[in-house]
Amino acid sequence: MTKTIIGKALPNIPWEDKPAGCIDVMWRYSGNPVIGWNPVPKAARVYNSAIVPFKGEFAGVFRADQKNGRATLFAGTSKDGLKIDLNLDPIEWVDEIGNPAPTSYAYDPRVVEIEGEFFVTWCDDMRGPSIGLGKTNDFKTFVRMPNPLMPYNRNGVLFPRKINGKYKLLSRPSDTGHTPFGNIYISESPDMIHWGNHKLVMTNGGQGWWQGMKVGAGPVPIETTEGWLLFYHGVSSTCNGYVYSFGAVLLDIDEPSKVLYRTRDYLLTPELPYEASGFVPNVVFPCANLYDAETGRIAIYYGAADTYTAIAFCQVDEVISYMKANSEVF
């Protein structure tokens with residue numbers, strides 16, 4: 001069997017086979033949502049969160065909007081990737097010498113393991129939305145690092161390894177509010193501190209109205225024999241507000257600013273009640289993916305209606321074949 005995903009085996013990946021009669025490339029977990037309202041006393045809604053394999057099980061960093069309405073990050077663990085056990089209190093960040101380094105607000109985290117350490121990116125407050133960067137080894141102590149980019153910026157996503165000797169970071173320059181525009185850029189660093197050589201990766205628009213207003217990187221890119229597989233969100237503006245859907249793009253393995261294929265049509269869009277109705281209706285927002293290199297299975301964690309955490313499934317070869325047959329690069 002030829003393996004498409006370059007990575008580790010994950011035999012305990014959350015998984016559910018495609019339902020009979022389903023013609024879509026991606027399908028939802030029948031037990032969605034996996035996190036609902038008020039999961040712990042200090043958190044009203046948990047969504048747009050990141051989970052990774054950790055010591056044979058799973059751990060993660062979760063966006064939790066507290067009951068004062070403020071977005072904060074909580075740590076959590078899971079034995080099976082489906083039942084999530086959140087800590088009762090938010091993460092208490094420290095600086096690199098152990099002094100308290102609290103966040104003003106923090107949301108939409110991504111987590112990636114690079115060379116044995118787990119790095120966290122999130123939307124941080126730097127007198128305006130910016131990208132926060134931190135790390136942990138045990139999901140108990142979390143160390144803040146220097147912010148990689150200036151405001152205003154969101155959707156910071158690190159690649160899982162160096163490329164040509166440099167760390168790579170995707171981002172979406174924005175404004176101070178609910179940005180009505182946005183394209184994906186890539187930056188690089190030799191040391192996770194000094195960032196530069198910024199390049200455009202992909203823009204909004206094209207024939208797909210679902211991504212006509214803005215796009216942003218989703219989960220950490222997956223390394224494959226075909227290139228970097230990146231799931232991303234696209235936003236359309238309708239007479240009844242924004243609609244968030246998601247698709248996929250394949251980036252060149254050595255020069256990830258180069259797009260090889262890109263889904264013309266969305267892979268998932270708000271359809272079910274927990275996606276179409278909630279604190280912010282009509283949102284599916286991917287922030288994490290687990291994958292098994294042996295089988296090509298992928299589980300994607302996404303926020304639904306800014307209220308719930310849900311999971312969708314796909315198979316890497318099917319996604320890439322679909323992309324090649326239904327691609328629009330612009």
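**Close-up 1. Aspartate 125 and its side-chain partner serine 104.** The side chains of aspartate 125 and serine 104 make a polar contact at 3.0 Å; a polar contact is a pair of N or O atoms within 3.5 Å, where within protein one must be able to donate a hydrogen and the other to accept it, and residues adjacent in sequence count only if both atoms are side-chain atoms. A polar atom of the aspartate 125 side chain also lies 3.2 Å from the backbone nitrogen of glycine 128. This is a predicted model, in which local features need pLDDT of at least 70 and side-chain atom pairs count only at pLDDT 80 or more, while totals for chains, interfaces and linings use all residues. Residues are numbered from 1 along each chain as its sequence is written, and side-chain values use heavy atoms, with hydrogens and water left out. Aspartate 125 sits in strand E7 (residues 117-125); helices (H or I, at least four residues) and strands (E, at least two) are DSSP runs, numbered from the N terminus. Aspartate 125 is partly exposed at 27% relative accessibility, given that buried means under 20% relative accessible area, exposed over 50%, and partly exposed in between (1.4 Å probe, protein chains only). Apart from neighbours within four places in sequence, aspartate 125 is in contact (heavy atoms within 4.5 Å) with Ser104 and Tyr105.

**Close-up 2. Histidine 233, a buried residue of strand E16.** Strand E16 covers residues 227-238 and includes histidine 233. The relative accessible area of histidine 233 is 0%, so this residue counts as buried. Its side chain joins that of arginine 172 in a polar contact of 3.5 Å. Leaving out residues up to four places away in sequence, histidine 233 touches several others, including Asn155, Lys214, Tyr244 and Phe285.

**Close-up 3. Two edge-to-face aromatic pairs.** The structure holds 15 aromatic pairs; rings of Phe, Tyr and Trp (its six-membered ring) pair if their centres lie within 6.5 Å, and planes under 30 degrees apart count as stacked, over 60 as edge-to-face and the rest as tilted. Tryptophan 15 and tryptophan 27 pair edge-to-face, 5.6 Å centre to centre with 80° between the planes. Tryptophan 15 belongs to the segment before strand E1 (27-28) and tryptophan 27 to strand E1, so the pair ties together parts twelve residues apart in sequence. Tryptophan 15 is partly exposed at 21%, whereas tryptophan 27 is buried at 5% relative accessible area. Tryptophan 93 and phenylalanine 142 are also edge-to-face, at 5.5 Å and 65°. Tryptophan 93 is buried at 4% relative accessibility, and phenylalanine 142 is buried at 1%.

Close-up 4. A search of the whole structure finds 18 salt bridges, each a side-chain nitrogen of Lys or Arg within 4 Å of a carboxyl oxygen of Asp or Glu. Arginine 45 and aspartate 65 form one of them, with their closest N and O atoms 3.0 Å apart. Arginine 45 and aspartate 65 are both buried. Arginine 144 and aspartate 124 meet in another salt bridge, 2.8 Å from N to O. Here arginine 144 is in strand E9 and aspartate 124 in strand E7, 20 residues apart.
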